[in-house]
Amino acid sequence: MISNAARAAASRLFSPEFRSVFVKTLGLTLLALAALWFAIEGLFEWLAWPWIDAWLPGLPSWAGWLGVIVAGIGLALGLALLIAPVTAIIAGLFLDDVAEVVERTDYPNDPPGRAMPALRSMVLAIRFFGVVILGNIVALLLLLVPGINIAAFFIVNGYLLGREFFEFAAMRFRPEAEARALRKKHAVTVFLAGLVVAAFLAVPLLNLLTPLFAAAMMVHLHKAISAREAA
């Protein structure tokens, strides 16, 4: 089910049917990441540079350039960790658009799902945004632990992204409590699907399309699980 859902989602990313939602999702993701870059940069200059000047006065001119390079690397790492939360909140805005395209093109004979109320969708997206930020802070701390390192990133994001994207897709057809119960019943499958999303997230540039890929994949996975439940 997972491989079929991933293939089906990937095959649709650049299709004409997805063009409108593709442009909106990619554009908003880029805008959000650019805004976060400037916010992190401003925060770094406000908090870090005065501290560095106070502790290391009289630095040579070349040290300033070295500091800029180190800061740039730090900013890039920070932005990489924020891609997952950005993905979460962008998906909350466009999940229904993605799901409608998938349902219309790949499941034309099935009853269409219902879009979540805009306010509830935004509340869930913001809640998920906060949870993913906390999860990635934990993952960042675990990067310092030998033997865990990068696996922490995949485990944390695999669980969180799998859980939330699947529930978002399921809630188009089920009440919130029922969608959560279905996810718990198929927790292993959903987690493994989340690992696929986390692997997609880890690929530079391609990860900008994570909201589109993850939303489409979980629509397919929910359809497959629902069909198995009904059999």
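A: Arg 114 sits in the loop between helix 3 and helix 4; helices here are DSSP runs of H or I, at least four residues, numbered from the N terminus. This is a predicted model, where local features need pLDDT of at least 70, side-chain atom pairs count only at pLDDT 80 or more, and totals for chains, interfaces and linings use all residues. Residues are numbered from 1 along each chain as its sequence is written, and side-chain values use heavy atoms, with hydrogens and water left out.

Q: Is Arg 114 buried or exposed?
A: Arg 114 is exposed, because its relative accessibility is 53% (exposed is over 50%, buried under 20%, partly exposed in between, with a 1.4 Å probe and protein chains only).

Q: What does Arg 114 touch?
A: Leaving out residues up to four places away in sequence, Arg 114 touches Asp 96, Met 171, Arg 172, Phe 173 and Arg 174; contact means heavy atoms within 4.5 Å.

Q: How far is Arg 114 from Arg 174?
A: C-alpha to C-alpha, Arg 114 and Arg 174 are 9.1 Å apart in space, and 60 residues apart in sequence.

Q: Switching topic: which residues of helix 7 meet helix 8?
A: On the helix 7 side they are Thr 189, Val 190, Ala 193, Gly 194, Val 196, Val 197, Phe 200 and Leu 201. Their partners in helix 8 include Phe 213, Met 217 and Leu 221.

Terms used
Helices (H or I, at least four residues) and strands (E, at least two) are DSSP runs, numbered from the N terminus.
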